[in-house]
Amino acid sequence: MPINRITPIFPLEGQDGEYGYVYSDDLTTVVNQNLKNILLTRRGERIFLPGFGAGLQDFLFEMPTNMLLTKLKNVISNQIRKFATYITVKDIQVSYSGEATIEVSIKYNLNGNNISGTFDTTISNILEHTA
């Protein structure tokens with residue numbers, strides 16, 4: 001029986017028999033991990049892909065206005081459209097909650113499948129990230 005192993009789960013930890021890391025075979029887990037990488041990577045941080053990343057940490061200390069929330073949604077949407085072409089975004093919600101904390105919720109469909117998912121994360125000034 002073949003084992004479907006799509007990608008290692010980050011952060012890399014633990015052992016999974018002969019493969020060395022814990023792997024995921026769930027597509028929504030993989031998509032959520034990729035979305036997290038897009039949101040948390042700053043532009044210029046990724047070698048050979050200087051335009052990759054939404055860099056949400058750079059917006060933590062901005063004054064939360066409707067204009068800024070619209071800008072954040074556009075940045076996220078453009079990054080997903082460019083670097084996660086395998087999903088269709090249905091909805092993006094961005095809000096500031098508390099001091100220097102951004103909450104993001106992305107509802108998506110996986111192209112070519114009947115799989116849908118929601119990715120939720122919180123980015124704060126103390127770098128607590130949840131998915």
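1. The model is a predicted one, in which local features need pLDDT of at least 70 and side-chain atom pairs count only at pLDDT 80 or more, whereas totals for chains, interfaces and linings use all residues. Residues are numbered from 1 along each chain as its sequence is written, and side-chain values use heavy atoms, with hydrogens and water left out.

2. The protein chain holds two helices and five strands, arranged along the sequence as β-β-α-α-β-β-β. Of its 131 residues, 36% count as buried, where buried means under 20% relative accessible area, exposed means over 50%, and partly exposed lies in between (1.4 Å probe, protein chains only). Among the contacts (heavy atoms within 4.5 Å) with a separation of 6 or more, 36% are between residues 24 or more positions apart.

3. Three strands make up an open sheet in the order β3-β4-β5, with antiparallel pairing. Because β3 (87-96) and β5 (115-124) stand at the edges with a single partner strand each, one side of each is left without a neighbour in the sheet. Neighbouring strands here are turned against each other by 15° on average, direction ignored. The angles quoted in this note are between N-to-C directions and run from 0 to 180 degrees, with axes taken as lines fitted to C-alpha atoms, for helices over the stretch in contact.

4. How many bridges join β4 to β5? There are 10, and the two strands run antiparallel; Val104 stands opposite Thr121 in β5. β4 and β5 form a hairpin with four residues between them, and Gly112 in the turn has a positive phi of about 80°.

5. α2 lies across β3 and β4 and runs at about 150° to β3.

6. α2 has 18 residues and reaches 26 Å from its first C-alpha to its last, which is close to the 26 Å expected at 1.5 Å a residue, the expected span being 1.5 Å times one less than the number of residues. Its buried residues are Leu68, Leu69, Leu72, Val75, Ile76, Ser77, Gln79 and Ile80, and the buried residues of α2 pack against α1, β3 and β4.

7. A nonpolar core is understood here as a set of buried Ala, Val, Leu, Ile, Met, Phe, Trp, Tyr and Cys residues joined through side-chain atoms within 4.5 Å. The largest one has 29 residues, and those with the most contacts inside it are Leu56, Leu72, Ile76 and Ile106. The elements giving two or more residues to this core are α1, α2, β3, β4 and β5, and the largest share, six residues, comes from α2. Apart from its neighbours within four places in sequence, Leu56 is in contact with Leu39, Leu72, Ile76, Ile102, Val104 and Ile123.

8. Thr41 lies in the loop between α1 (27-40) and α2 (66-83), and counts as buried because its relative accessibility is 12%. Its side chain reaches the backbone oxygen of Asn37 at 2.5 Å, a polar contact being a pair of N or O atoms within 3.5 Å in which, within protein, one must be able to donate a hydrogen and the other to accept it, while residues adjacent in sequence count only if both atoms are side-chain atoms. Leaving aside neighbours within four places in sequence, Thr41 is in contact with Phe52, Gly53, Ala54 and Gly55.

9. Is Gln57 buried or exposed? Gln57, in the loop between α1 and α2, counts as buried at 12% relative accessibility. Beyond its neighbours within four places in sequence, Gln57 is in contact with Leu39, Leu40, Arg42 and Ile123.

10. Phe48 deserves a look during review. Phe48 is placed in the loop between α1 and α2 and is exposed, with a relative accessible area of 79%. Its phi is near 70°, a positive value in a residue other than glycine.

Notes:
Two strands pair if DSSP finds at least two bridges between them.
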